[in-house]
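I opened the notebook today to look at how chains meet in this model. Here is what I looked up, entry by entry.

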6 protein chains.
Amino acid sequence: MTDTKTALVISAHAADFVWRCGGAIALHQKLGYEVTVACLSYGERGESARLWKDGKTLEEVKAIRRTEAENAAKALNVHDIQFFDLGDYPLVVDHDSKMKLVDLIRAVQPKFMLSHSTYDPYNTDHMYTSQLALEVRMIAQAWGHNPGEKVLGAPQLYLFEPHQTEQMGWKPDTFLDITEVWDQKRAAIECMEGQHHLWDYYTNVAENRGNHFRRNSGGQAGGRPAKYAEGFQSIFPRTVDEL
Amino acid sequence: MTDTKTALVISAHAADFVWRCGGAIALHQKLGYEVTVACLSYGERGESARLWKDGKTLEEVKAIRRTEAENAAKALNVHDIQFFDLGDYPLVVDHDSKMKLVDLIRAVQPKFMLSHSTYDPYNTDHMYTSQLALEVRMIAQAWGHNPGEKVLGAPQLYLFEPHQTEQMGWKPDTFLDITEVWDQKRAAIECMEGQHHLWDYYTNVAENRGNHFRRNSGGQAGGRPAKYAEGFQSIFPRTVDEL
Amino acid sequence: MTDTKTALVISAHAADFVWRCGGAIALHQKLGYEVTVACLSYGERGESARLWKDGKTLEEVKAIRRTEAENAAKALNVHDIQFFDLGDYPLVVDHDSKMKLVDLIRAVQPKFMLSHSTYDPYNTDHMYTSQLALEVRMIAQAWGHNPGEKVLGAPQLYLFEPHQTEQMGWKPDTFLDITEVWDQKRAAIECMEGQHHLWDYYTNVAENRGNHFRRNSGGQAGGRPAKYAEGFQSIFPRTVDEL
Amino acid sequence: MTDTKTALVISAHAADFVWRCGGAIALHQKLGYEVTVACLSYGERGESARLWKDGKTLEEVKAIRRTEAENAAKALNVHDIQFFDLGDYPLVVDHDSKMKLVDLIRAVQPKFMLSHSTYDPYNTDHMYTSQLALEVRMIAQAWGHNPGEKVLGAPQLYLFEPHQTEQMGWKPDTFLDITEVWDQKRAAIECMEGQHHLWDYYTNVAENRGNHFRRNSGGQAGGRPAKYAEGFQSIFPRTVDEL
Amino acid sequence: MTDTKTALVISAHAADFVWRCGGAIALHQKLGYEVTVACLSYGERGESARLWKDGKTLEEVKAIRRTEAENAAKALNVHDIQFFDLGDYPLVVDHDSKMKLVDLIRAVQPKFMLSHSTYDPYNTDHMYTSQLALEVRMIAQAWGHNPGEKVLGAPQLYLFEPHQTEQMGWKPDTFLDITEVWDQKRAAIECMEGQHHLWDYYTNVAENRGNHFRRNSGGQAGGRPAKYAEGFQSIFPRTVDEL
Amino acid sequence: MTDTKTALVISAHAADFVWRCGGAIALHQKLGYEVTVACLSYGERGESARLWKDGKTLEEVKAIRRTEAENAAKALNVHDIQFFDLGDYPLVVDHDSKMKLVDLIRAVQPKFMLSHSTYDPYNTDHMYTSQLALEVRMIAQAWGHNPGEKVLGAPQLYLFEPHQTEQMGWKPDTFLDITEVWDQKRAAIECMEGQHHLWDYYTNVAENRGNHFRRNSGGQAGGRPAKYAEGFQSIFPRTVDEL
């Protein structure tokens, strides 16, 4: 345990961490954090349409998706990426996998966590993962879970941006300026070769969230010209010394 | 216009700023802010029961309530307190008073604002004031309002704690540690001689919000022993450089 | 001021009190309450389509609607019905009318109040009246409003059933068995000659709310066979000595 | 009164109809509708920052904004655009202006209406206009309002897309494919010379709403390749003959 | 795979499809759809009180309920009804049954689906089924699930009317005129011999939803005289070419 | 089965029933009810930090927590307390345990039930228990579950007060005056030796809920001087004979 600040991303499928919080990852790596990404599945069945259309087998799809995710992680300078390979559509997390995830949280001791929105009628894997993130955070906080290990403090759980935000009842309360790492995020996005149709989509999102950043920071009245941003919804309240 | 940081409180009745954000005021004064309080009314009709029972006249009630508020402001080291004397139960703000309030915002140029919750079925003056705070903030941001004056940036509007939070649908997202100024807040509270029944009530609130501060800062796992806190709900998202 | 229990209904238009809480009125009269109904308008412009199609003048429409409401009030054994004649579509309540309504509340000292749902996109008069009910209740509670008069306690404000409940976000938390006064309510309904199309509608409502009464009272397991009921949403929490 | 289908847009400020429903306007004109736009103000004080920075006077700002809006209306092939010139920041609608707006609705007899989201803490003019749209729709439906005129039916009120949708609690339930009129919308957008920073913003929005259109129409499984879309939230339920 | 349009109903218990969407089923059969009903259980334990009071055994109850459901299906001219026999109170769906349901969706390729409301504190089987409907829809859309089969598009999931709508937070956004098939729905209802107390209840519902149909279609101003209707809440937004 | 009134508390962890509804328990025992408490776990892993820090083993922690809970139950004069010992963080309830809980409900035949809030991001055991309470209540109501046993009626499920109410979306609609049993509740609280930091916290809560009791009962206008209270949120509507 050193003084290095850390963060943990829990991603249902291989690519989620790229579109939804790639900027936050790259930026915090730059700020000196060590960011770990846990991919619960490769999104092999549900988010790899092009590969299946090309006639790939399940093992091939998983291998390709893994490579894409590893490449994206490199582009974002991710500290560590772990693949749980639990299957998708539906994702199912049994007791042992849950405990393995708790072990990871305890090892990482994240200052903050990132995961999916609490509701997503298009993708029940996403809401299941959001619920799971709360559960494993709770277990990691228990003094009686593997007594002797360092228990978890009270890290924020930020919900990253889902697709079609309004349908998920997701409301961002925090905008992060990712302008200086945008090139890294775009590079990571371009590792996702099977989802070409989303490259420009999430570039648009980043540009428009930049507008929101400026609007809420008083940018129009002369503030910083943030060009790209990401939005997050906090589950827990903040504790501060100054408003 | 100097570099001094400033804040503005919009309080429907004379005492609201004491119970609901007295700690935030004292703390920010200590941090070097200049905090201005706008009292739209004295709470003369609706929140001065004891004085009416004692047979005071309207003018006497208003004078006493004003003195109490001034004393509390002194205890909190308020930079400036302004009384709009617009009447209460119901509070009615005409066009000219609204513009006077806009003038004040423009003069203060607050880094953040504090006002009431958006809903309060017990007290329609409170929700009217909350709506008003949004309206005058918007007007103060308009380049075409009194052109030439410095326009307002995008200060956060924090909703301070209402009485019976759950009935108001108020959900705090920010807890402020006010331990070091608690004595000042308690002293200000004790200036409110006609509302003795609320002294211990808001002391309990501050203690229990201290518990929430600790719980959310990881205090149980070895963090700072905040004893007193205040909670706030943000209307607008934050713009940050680090999560 | 006697020991008689009292209740007050604030109805935007002449007929609202009949469809929405006619059973509650008749039942409480039977229980010994004195129930007063305040009709803010006759619903002359917006809820008298048939009369306008028949070529009636404004004064004729108002007179007919007033008579209908008086007849319905008689059928329900209403203690007192007062017509404020403030106009409808839109209903506008000026300061003096508001104070007149406060005077009425103070005179009645209701144990509970009944009015409209807080939201109604079909009928802005309804949501305006709901807001108004909260405001005048608050003013009547103020010790400094007409000092010397008896101030109001803390009567419940029940929101009666709107048309198309789900669109209004109205959720009943209280079902009242009106079986024994159903004949009176039906008779009152039949006084509304211009709204024939609603007679069976609100009969259906009463029958189905009876089903809800039984379902929630454990009726299926052998409880009381309530046949007709009305639903209400409470604004304020209850204070009880037994759960 | 002919058989031509009509629609009515109620826009708080001059440019709102362009960003938020310009595609819907152009498309319905193409479909044979006559679309009328009511601009309640020019957005002269609050949404013309560049012009004020350039030292223009109030009258000059209003004239320029009017010309921009007229040009945009031409680009969209708007049937009729009417300027109410009621002032902005804050927008205030007195009784006579309200009645003038009711007259317009009655004259147009729209099959559907378009206006602002019900909540907008950044811009109280917007939520005021949304509330107003409900009120004037209700008045226009009243048989007793100007008896003899044709009363309004039950047109849908669609809420068009606000800026920062999630902050407004706006959730689209209808996506309209505007691909074939996109060039017209972009041309109209470019008439708004003082708000250059929003041109690409709303182009991004249109592209991403196109993605949402495809996602919800089953486009990924082989549906129509809509490239641009607009989203709308319905206030009222639909009445249909087939699901 | 032909061009026939299809629909799929997922019903937790045997009778749910009758009360809640019997009209929609009969109407769409008439419109040329093939409507399939999946009954996950017979409602044998929880919704067959009369049979248990009569001393029937579990197998007898199931047989009787199945016959009732088959008769109702015939009355509604259902294309296909399938019984999953998974047990009720509580309903439990294991992995294999879930996959069997996915197979059914893939085989049917429904243009739209119908199931329960997302919340129901009276009946956890209902909310479990609603969640399940989203999950199996998602799996059926995955290109990697049983590669080679035709994947599902993006059918709407309509939530049909629960009992005590307001308690479930259910808000209909679509009303369907079922007047021309009402006799069929009533006949189907009367197949449910053990639930006599609900016959008139759901007749009342249909009549009053007819009122809502007329009110929202402008019926009062001269529209179609729909007498019976059903209401539905859409989970997903619509994609349209005309508002 | 006698005529004695009964109540049932379902508590996720050993101490929950003390902080959250100890007053309700003691008061109803005094009123002649027999109150049964079901503790699903001892809170051994997640809510016994001090014991783990002291180096206790799992069995020791469980024994100590059980003794504390039994002592608290005695102080509150609980009729019966049952320990299910299902483990915590996470609590997992298998089919057999669920049925054992149903058996208990059937045996108790509670007039009302008490359990956790529906949402709790800090503690997924709590929301799981709330969901479970609804499920077992439903099963106990089924005539086909263990036919021959007395089925359950329709007892209210009151959600008792969670920690940080606003984060849980918990809104009390019922305040119970517990002044006369406060000494018992405080004594029970003091049995929880490992959670000393919560003793004053929940004393503050009780005092401030007393304020809410008085505020909503009209106490300021001369009502009963309740000093301590507890708040509850009802899941189901009430059925009454008088408003």
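I count two residues as in contact when they have heavy atoms within 4.5 Å. With that rule, I found 35 residues of chain D in contact with 36 residues of chain E.

A note on the ground rules: this is a predicted model, where local features need pLDDT of at least 70 and side-chain atom pairs count only at pLDDT 80 or more, while totals for chains, interfaces and linings use all residues. Residues are numbered from 1 along each chain as its sequence is written, chains are lettered from A and ligands numbered from 1 in the order in which they are written, and side-chain values use heavy atoms, with hydrogens and water left out.

**Entry: area.** I looked up buried area, the accessible area (1.4 Å probe) that two parts lose on being put together, summed over both. Chain D and chain E bury about 3,000 Å² between them, and carbon and sulfur atoms give 55% of this. R238(D), T239(D) and L243(D) supply 27% of what chain D buries against chain E, more than any other three residues.

Entry: I took a salt bridge as a side-chain nitrogen of Lys or Arg within 4 Å of a carboxyl oxygen of Asp or Glu. Chain D and chain E have two salt bridges between them. One of them joins the side chains of K5(D) and E242(E), at 3.2 Å from N to O.

**Entry: who lines the interface.** I read helices (H or I, at least four residues) and strands (E, at least two) as DSSP runs, numbered from the N terminus. On the side of chain D that touches chain E, at least two residues each come from α1 (16-30), β4 (112-115), β6 (174-177), α7 (199-216) and β8 (238-240) of chain D. β6(D) gives the most to that side, with four residues.
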